[in-house]
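This report goes through a structure with the sequence and the coordinates open beside it. Please keep both in view while reading.

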Amino acid sequence: MKAFAALIDRLIYTRSRNSKLALIADYLKHTSDPDRGWVIAALTESFDFPAVKSAMVRTLLATRVDEELFRLSRHFVGDTAETAALLWPEPNKLLPFRGRVGVGVAGQLEADGPTTSREGEGGLTVSQAVEALSSATRATAPAILASLLDRLDADGRYALLKLALGGMRVGVSARLAKQAFAQAFDVPVDDVEELWHAIPPPYAPLFAWGEGQAERPDLADVAFFRPFMLAHPLEDATVDLADYAAEWKWDGIRVQIVHGGGQTRIYSRGGEEISAAFPELVAAFDQDAVIDGELLVRGDAQGGEAASFNALQQRLGRKTVSKKMLAEYPAFVRVYDLLAVDGNDLRPLPWTERRRRLETFVPRLADSHFDLSQVIEAADFDDLAERRAGARDAAIEGVMLKRRDAPYVAGRRAGLWYKWKRDPLTADCVMMYAQRGNGRRASFYSDYTFGCWSDDGELLPVGKAYSGFTDEELKWLDKFVRDNTVGRFGPVREVEKSLVLEVAFDSIHASKRHKSGLAMRLPRNARNPRDKTAEEADRIATLQAMVT
Amino acid sequence: MAKGKPWLEPHPHGLYVKPADLWIDPSRPVERAAVTHGHADHARSGHGAVFATPETLAIMALRYGVDVEASHNQAFGYGDGFERGGVRFSFHPAGHVLGSAQILMEYAGERIVITGDYKRRPDPTCAPFEVVPCDIFITEATFGLPVFRHPPTSQEIAKLIGAVRAEPDRCVLVGAYALGKAQRVMAEIRAAGWDAPIYIHGAIEKMCTLYTAHGVDLGELRLVSETDKEDMAGQIIVAPPSALNDRWSRRLPDPVTAMASGWMRVRQRARQRMVELPLVISDHADWDELTSTISAVNPRETWITHGSEDGLLRWCELHQRNARALHLVGRDLEEEA
């Protein structure tokens with residue numbers, strides 16, 4: 001438990017991705033099974049122990065700590081797990097001053113005794129904690145949790161409560177954890193991704209393979225994830241359509257649906273399983289196959305065609321879905337690749353061959369939930385460019401170019417797949433507020449909120465940009481913010497409304513969250529500060545006309 | 001005992017000792033002020049006459065140009081004091097920072113102690129707190145919630161030195177309040193055996209010199225502004241908290257940002273301040289120190305000046321102690337805790 005507590009403590013304060021990778025890799029290398037497996041599971045998907053919930057923790061605390069003091073502390077700390085960890089009395093250890101006070105009028109109380117650790121030999125391990133928590137029922141949970149807390153120090157209690165209640169919030173995605181695993185054992189991350197979902201926590205066979213002590217686990221009859229083939233941006237290049245096939249690039253989320261071993265699973269691009277959010281797709285996919293496609297939501301406005309990304313967002317990140325959600329935002333998959341069918345791995349085949357099989361395969365699926373992504377029949381590259389420029393469908397994000405003779409390979413390989421996004425939309429906006437960045441940018445005001453003019457002549461925020469600046473521009477902008485600050489709200493500086501930025505964004509949507517009623521998708525800086533006065537910046541009405 | 005007519009009046013801007021016509025730690029200029037210690041929320045400029053320990057007067061001279069030699073300002077060592085309007089005032093160590101004192105007032109058979117800010121754990125830069133028996137104990141409550149239990153200082157210092165050694169290409173930049181915390185951190189680092197020069201921000205240089213002149217050995221100190229960037233790799237830098245994410249820090253080699261404060265006990269607090277290495281080192285009493293000190297002093301009444309009054313009041317209630325909160329204004333808790 002001690003090493004786990006130290007790990008999450010470090011992760012909380014570490015902002016750089018590489019440092020996080022190094023910390024996790026180091027932990028995985030130096031911790032034994034099954035602890036490390038439970039820990040990585042806790043970091044990425046958070047366990048669910050049905051008997052242990054925060055209301056139960058509060059009730060338990062009330063048996064040890066005055067309720068009013070708990071309430072005041074909880075209010076100050078803002079997190080139940082952390083408050084409870086700090087407040088839980090240490091039964092085996094006398095408080096530092098007890099028994100010494102009143103010894104002498106001038107006697108200084110000795111606080112800095114040796115660090116006591118109740119977690120030496122025979123200390124609580126992560127697996128013991130997991131085992132105890134899993135066996136808990138509603139009736140036994142309070143006593144079980146109490147006995148575990150009694151065996152730990154404050155950091156250990158924090159780790160235990162975070163493990164038990166979930167919501168670790170240390171900024172570790174499933175993708176990052178897999179990369180850390182690959183880094184720790186020097187194995188290809190693609191292999192780790194494939195194996196990950198095939199093996200349940202605590203992943204003992206995965207670690208055995210990573211350490212070279214066992215063969216690669218056999219994945220027959222398991223609905224495992226295949227790492228996605230990814231595309232490079234086309235930039236200014238052109239390609240010969242004799243070598244490349246063109247398809248529309250859809251503005252949904254990329255998914256892989258796998259059927260195997262009697263199970264159907266849906267994976268997102270990061271390899272996270274999202275089956276629970278789309279039960280209707282899981283139910284409808286009844287073929288022994290693996291498909292790659294775009295998950296979209298049907299939009300009424302477009303007569304049953306795909307709706308904008310904004311509609312899809314209503315369905316993302318849910319653990320359960322209501323009937324209302326299912327009816328209002330029906331999901332479907334536009335299929336563009338076939339990775340396996342009837343037990344055969346098709347990935348080594350060229351795209352042309354996979355496409356041929358895909359076209360005969362898709363009719364086997366229910367057309368209510370699956371359709372085929374069409375190939376664009378363009379005469380030549382210029383013709384394609386023209387079609388791309390003319391495409392105004394809300395769900396079209398641009399064009400994909402796929403090399404006709406390329407197999408399906410994991411990751412982003414040069415020359416095989418290109419994405420050619422539609423030109424971004426742009427607007428001239430006025431900088432309103434600035435905040436300092438993170439990491440290398442911690443001393444720079446590098447995050448900007450910007451706004452456009454309402455009909456009443458009021459400047460309303462329309463978005464926030466963090467990227468698209470060169471170091472030189474950042475230096476200049478940082479100085480601008482410092483020299484033009486008119487107000488401070490905690491870490492935020494309000495600036496003189498005089499600087500116009502050209503902001504690029506992929507699309508813009510109606511949003512109830514912002515006063516302007518608008519939300520930009522992927523806003524970033526397009527160009528150096530503009531030689532324009534604030535009055536010349538765009539109006540909200542102009543942006544409203546771009547809403548999809 | 002002088003029951004009935006109170007001779008000490010709490011006002012939002014300080015405590016007024018009526019028979020002596022004198023204020024304690026007033027937050028605005030007054031004719032006569034007794035000052036517990038040199039932090040800005042207790043020691044202000046512009047008073048007619050100041051009564052304080054020699055160290056506190058020296059700090060006020062450095063910060064506000066108070067004239068130490070002027071005859072209306074008077075310095076008293078620990079245990080010493082003066083009498084005015086029938087009230088006997090004396091100064092006793094509070095263990096908070098160099099020169100910090102509790103002030104004991106005796107009048108008509110009643111004893112009142114005001115702690116100013118204090119702590120109970122050892123501090124190589126100042127005299128240790130003394131328990132002074134009294135009838136009314138006026139205590140601070142910065143960390144008046146049971147979530148605040150400061151770990152042993154040696155453990156935090158080991159964490160700091162470990163972080164410097166772990167990444168020799170970087171440096172560790174410690175944010176510490178310019179008066180007290182900065183010098184204490186340096187002295188603790190020395191006590192732990194770190195004998196390389198410590199690099200400091202210009203804003204704390206004079207206070208370090210003052211501490212050294214009062215016999216606190218801080219070892220060799222160098223100014224960051226006079227050092228090449230690469231020479232500070234693998235070294236410890238000490239600066240006021242406001243400099244941590246300031247442009248000033250760009251002259252340092254890839255600093256690990258650390259902060260020495262009791263608030264670092266709460267993870268989200270540390271994260272908000274963009275701290276990578278939180279060091280729970282405080283010059284204020286933690287929950288156990290506050291409550292055990294009240295028990296040790298065992299006063300008839302406890303008055304609570306500033307901080308988390310509600311928490312400490314609740315504790316007093318649970319332990320059947322008479323207590324009240326004074327709600328003084330102008331106490332700045334964030335920076336120097």
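## Chain B as a whole

Of the 337 residues of chain B, 54% count as buried. A residue is buried if 20 or more other C-beta atoms lie within 10 Å of its own, exposed if 12 or fewer, and partly exposed in between, with C-beta atoms placed from the backbone. This is a predicted model, in which local features need pLDDT of at least 70 and side-chain atom pairs count only at pLDDT 80 or more, while totals for chains, interfaces and linings use all residues. Residues are numbered from 1 along each chain as its sequence is written, and chains are lettered from A and ligands numbered from 1 in the order in which they are written.

Chain B contains seven helices and 19 strands. Helices (H or I, at least four residues) and strands (E, at least two) are DSSP runs, numbered from the N terminus. The C-alpha trace of chain B spans about 65 × 50 × 30 Å along its principal axes. The radius of gyration of chain B is 20 Å, which agrees with the value near 20 Å for a compact globule of 337 residues. This radius is taken over C-alpha atoms, and the globule rule is 2.2 Å times the number of residues to the power 0.38.

Two residues are in contact if their C-beta atoms, placed from the backbone, lie within 7 Å.

## Parallel strands in chain B

In chain B, strand β4 (residues 32-34) and strand β5 (residues 49-52) run parallel and are joined by three bridges. Two strands pair if DSSP finds at least two bridges between them. Ala34(B) stands opposite Phe51(B) in β5(B).

β5(B) also pairs in the parallel sense with strand β6 (residues 74-75) of chain B, over two bridges. Here Ala52(B) has Ala75(B) in β6(B) as its bridge partner. Together with helix α1 (residues 54-64) of chain B, β5(B) and β6(B) make a right-handed β-α-β unit. A crossover is right-handed if, with the strands pointing away from the viewer, the path from the first strand over the helix to the second runs clockwise.

## A covered helix and the loop after it

How many of the 11 residues of α6(B) are buried? Nine are, and the helix is mostly covered. Among the buried residues of α6(B) are Trp287(B), Leu290(B) and Ile294(B), along with Asp288(B) and Glu289(B). Their cover includes β11 (136-141), β18 and α7 (309-318) of chain B.

Just after α6(B), Asn298(B) takes a positive phi of about 50°. Asn298(B) is in the loop between α6 (287-297) and β18 (301-307) of chain B. With 15 C-beta neighbours inside 10 Å, Asn298(B) counts as partly exposed.

Most residues other than glycine have a negative phi, and most peptide bonds are trans. In chain A, Asp342(A) has a positive phi of about 50° although it is not a glycine. Asp342(A) lies in the loop between β7 (331-341) and β8 (344-345) of chain A. With 8 other C-beta atoms within 10 Å, Asp342(A) is exposed.

The bond from Asp33(A) to Pro34(A) is cis, with omega near -5°, and Pro34(A) is in the loop between α2 (17-30) and α3 (35-45) of chain A. The bond from Pro201(A) to Pro202(A) is cis, with omega near 5°, and Pro202(A) is in the loop between α11 (189-196) and α12 (204-210) of chain A.

## A mixed sheet in chain A

Four strands of chain A form an open sheet in the order β2-β12-β10-β3, with mixed pairing. Its edge strands are β2 (232-233) and β3 (244-250) of chain A, each of which pairs on one side only.

Within chain A, strand β10 (residues 396-403) and strand β12 (residues 417-421) run antiparallel and are joined by five bridges. Met400(A) stands opposite Lys419(A) in β12(A).

## Where the chains meet

In the contact between the chains, 34 residues of chain A touch 39 residues of chain B. On the side of chain A that touches chain B, α1 (2-13), α5 (67-77) and α6 (80-87) of chain A each supply at least two residues. α5(A) gives the most to this side, with six residues.

The residues of the side of chain A that touches chain B divide into 18 nonpolar, nine polar and seven charged. Ala, Val, Leu, Ile, Met, Phe, Trp, Tyr, Cys and Pro count as nonpolar, Asp, Glu, Lys and Arg as charged, and the others, Gly among them, as polar.
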